[in-house]
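I opened this model to look up a loop and a helix. My notes follow the order in which I checked things.

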Amino acid sequence: MNMPSAVKTVGVVGAGRMGQPIVGHLVRKGFTAIVHDVDAGKRERVEGLGARWADAPALLTRECRVILICVGFDREVRDLLSPGGLLPGLARDTIVAVLSTVNPRTMQDLAGVAAKSGVHVVDSTMCRGGRAADEGTLLAFVGGSADVVERLRPVLACFSTDIVHTGGVGTAQVAKAANNMVMWACLVANHEALALASRSGVDVELLRASLAKTGADNYVLRHWGMNTMAWAEDDLDIVQDMAHDVGIGLPQAGLNRELCRTLKPKRFKLDEYGV
């Protein structure tokens, strides 16, 4: 296969909480970014970041040999990469990196179809959340062939300080699921521990700072109050689908899904936890 020239123009589909800062980092690092979002109201903000707006996702296929998909749901990813979406217009050797959290099976299905047209679909899941997206310090798990991952690396490095090649297509989704399982478990445990401490008359901030120096330390404890829980239930639904596919029971993940559902509207309100 002839190696294409260095990527200079990157397409981005999805200019939400994660997509917008990613676009800003791409532009600051010298890439031309062409962006589409179903919400046309985001155009002014996107153009303010120095990117070009595309009224339809198909417009990205004309100039972009790397396209980042940063939408919310499995079905949106499938629609974008269907025969009625982006796929027919993509040139051979185009890399489509799915940053969204979806089922690994979805990635494998889409990559198999795209490969028939010479298009590389890989998963490149993002960890560390919105704050890291703003700072350009995300961790990227990437699933795909080694040569494609290396071609994609300079793009990911614009907004990721750590890039981990996890193996074939779909494995980055597995790695992200593992991250999410531990993260949401920690968030629930943090609430229970700190609520108990608060009701027992212990200074919560003193305890939290101290726990960060013990084996109880975890990222969401250190960044207490920052997590929106926007995707907790969806993340853990995907985990349950994955567990079903491989024939394994994950009782704690199932319990945490239910706990996160009830916790979300009163997160970080320790006086309301357990009532």
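This is a predicted model: local features need pLDDT of at least 70, side-chain atom pairs count only at pLDDT 80 or more; totals for chains, interfaces and linings use all residues.

**Entry: D217**
I started with D217, which sits in the loop between α8 and α9. I then looked for side-chain partners. The side chains of D217 and R222 make a polar contact of 2.9 Å. Setting aside residues up to four places away in sequence, D217 touches L211, A212 and R222. I also checked D217 against N190, 27 residues apart along the chain; their C-alpha atoms are separated by 9.8 Å.

**Entry: N218**
I moved on to N218, in the loop between α8 (204-211) and α9 (219-222). N218 has a relative accessible area of 10%, under the 20% cut-off, so I logged N218 as buried. Which backbone atom does the side chain of N218 reach? I found the backbone nitrogen of L221, at 2.8 Å. Beyond neighbours within four places in sequence, N218 is in contact with C186 and N190.

**Entry: α10**
I checked the length of helix α10 (residues 232-246). Its 15 residues should span 21 Å at 1.5 Å a residue, and the end C-alpha atoms are 22 Å apart, so the two values agree. Next I listed the buried residues of α10: A232, D235, L236, I238, V239, Q240, M242 and A243. What do they pack against? I noted α4 (104-115), α7 (171-199) and α11 (251-263).

Notes:
Residues are numbered from 1 along each chain as its sequence is written. Side-chain values use heavy atoms; hydrogens and water are left out. Helices (H or I, at least four residues) and strands (E, at least two) are DSSP runs, numbered from the N terminus. Buried means under 20% relative accessible area, exposed over 50%, partly exposed in between (1.4 Å probe, protein chains only). A polar contact is a pair of N or O atoms within 3.5 Å; within protein, one must be able to donate a hydrogen and the other to accept it, and residues adjacent in sequence count only if both atoms are side-chain atoms. Contact means heavy atoms within 4.5 Å. The expected span of a helix is 1.5 Å times one less than its number of residues.
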